[in-house]
Amino acid sequence: MTERAILFLQLGGPENLDEVPGFLYRLFSDPDVIRVKSTLLRKAIAASIAAARTGASRKLYASIGGGSPIRRWTETQAAGVEKILREGGRDVVVRAAMTCSAPLVEDVVADLARTGVRRFLALPLYPHYSLTTTKGALERSRAAVARFAPGAEIEELGSWPTHPGFVAAHAETIREGIRNFPDPRPESIHLLYSAHSIPKKLVTREGDPYPAEVEASITAINAALGGKSPWSLAYQSKLGPVEWLGPSTLAEIGRLGRAGTRQVLAIPIAFVSDHVETLYEIDQLFDDEARRAAIPQFRRTPGLNDRPTFLRALADIALSRETFWR
């Protein structure tokens with residue numbers, strides 16, 4: 001067994017409807033999601049939210065086949081990148097590691113440590129850094145290595161919003177999507193970039209770089225496309241009563257409809273695989289809103305999933321941490 005392992009860090013999701021309550025509890029127990037200092041109080045709040053949301057969440061997951069495919073896609077990405085790296089002469093294993101569902105980061109690290117892994121590389125599959133995602137995933141990885149692999153080394157990678165391979169993969173999906181519209185002229189298709197929202201105060205008060213990095217991705221992708229299509233950025237998946245980044249994707253679809261836009265291509269810019277935010281929110285909720293807004297052609301690009309360009313990009317990102325390979 002190799003002494004090196006790469007952790008592909010993701011949020012995770014319930015694989016079946018029975019797992020929904022546990023997933024929600026872990027999600028809302030995260031101190032970067034529910035920002036309450038008292039652990040006991042935060043867990044009580046998480047249990048209350050999970051109980052209140054389980055029924056509605058089960059309906060959402062039922063509508064996309066009974067569970068989230070995020071584990072399957074992340075494990076497929078891990079296997080694909082491991083293959084690329086091994087073919088390039090790198091002795092390494094790549095494993096999916098989740099923060100809110102199996103396989104949990106702690107369990108993955110413990111299993112790898114038992115096989116002799118002594119060097120870990122934590123690679124969050126969040127293209128854009130955020131205090132709500134990247135920060136906690138890296139902290140969990142550090143703590144897991146310290147606990148289950150004492151003395152082992154851990155290195156970390158952050159965000160990669162303008163990595164050429166990430167940009168190229170999105171540009172590919174957009175070009176393919178444009179070709180399938182009734183009027184395939186790029187200037188006739190509005191590109192609607194949709195990113196997961198975060199509380200606005202994290203940006204204004206704590207300096208979260210997330211929206212700036214999302215915008216940097218869009219600038220690079222539009223440049224790769226030649227800048228021919230009109231575009232806008234909106235945010236989805238708001239939770240709770242506080243102010244979040246906007247405009248909301250639902251509101252933006254309404255605005256486009258009122259403006260007479262006929263063709264819209266939605267791009268899930270902050271997600272690297274298909275899961276509930278794409279399969280339910282965009283494919284069902286936003287598609288319904290587009291029909292109400294009299295937009296006759298509303299489509300989205302597929303998740304990056306196992307697209308070869310994206311897998312090569314992830315391999316290149318892993319190789320960029322040169323000290324891990326020495």
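# Reading the sheet, the helices and the core

Author: Let's start with the open sheet: four strands sit in the order β6-β5-β7-β8, and the pairing is parallel. The edge strands are β6 (231-236) and β8, each of which pairs on one side only. From one strand to the next, the twist averages 25 degrees.

Reader: What should I know about the model and its numbering?

Author: This is a predicted model, where local features need pLDDT of at least 70, side-chain atom pairs count only at pLDDT 80 or more, and totals for chains, interfaces and linings use all residues. Residues are numbered from 1 along each chain as its sequence is written, and side-chain values use heavy atoms, with hydrogens and water left out.

Reader: How do I read strands and their pairing?

Author: Strands of a sheet pair through backbone hydrogen bonds, either parallel or antiparallel. Strands (E, at least two residues) and helices (H or I, at least four) are DSSP runs, numbered from the N terminus. Two strands pair if DSSP finds at least two bridges between them. Here β5 (residues 190-196) and β6 pair in the parallel sense over six bridges, and serine 194 has alanine 234 of β6 as its bridge partner. Strand β5 also pairs with β7, again in the parallel sense, over five bridges; there, tyrosine 193 has isoleucine 267 as its partner.

Reader: Which strand does β7 join through four bridges?

Author: That's β8 (residues 297-300), and the two run parallel. The chain gets from β7 to β8 through helix α10 (residues 276-292), in a right-handed β-α-β crossover. Right-handed means that, with the strands pointing away from the viewer, the path from the first strand over the helix to the second runs clockwise.

Reader: Are the residues of β7 buried or exposed?

Author: Buried means under 20% relative accessible area, exposed over 50%, and partly exposed in between (1.4 Å probe, protein chains only). Six of the six residues of β7 (residues 263-268) are buried, so this strand is largely enclosed by the rest of the structure. Both faces are covered: Gln263, Leu265 and Ile267 are buried on one side, and Val264, Ala266 and Pro268 on the other.

Reader: Which helices lie across the sheet strands?

Author: For angles, axes are lines fitted to C-alpha atoms, for helices over the stretch in contact, and values run from 0 to 180 degrees between N-to-C directions. Helix α8 (residues 210-225) lies across β5 and β6, at about 150 degrees to β5. Helix α9 (residues 249-258) lies across β5, β6, β7 and β8, at about 165 degrees to β5.

Reader: What does glutamate 252 touch?

Author: Contact means heavy atoms within 4.5 Å. Glutamate 252 is in helix α9, and at 5% relative accessibility it counts as buried. Not counting residues up to four places away in sequence, glutamate 252 touches His190, Leu192, Ser232, Ala234 and Pro247.

Reader: How do I read a nonpolar core?

Author: In soluble globular proteins, nonpolar side chains tend to be buried together. A nonpolar core is a set of buried Ala, Val, Leu, Ile, Met, Phe, Trp, Tyr and Cys residues joined through side-chain atoms within 4.5 Å. The largest one here has 24 residues, and Ile6, Phe8, Leu85, Leu123, Trp160, Phe310 and Leu314 touch the most other members. Helix α11 gives the most to this core, with six residues.

Reader: At what angle do α6 and α11 pack?

Author: About 170 degrees, with their axes 8 Å apart. That makes α6 roughly antiparallel to α11. Angles over 145 degrees count as roughly antiparallel, under 35 as roughly parallel, 65 to 115 as roughly perpendicular, and the rest as oblique. Gly165, Phe166, Ala168, Ala169 and Glu172 of α6 meet Thr309, Phe310 and Ala313 of α11.
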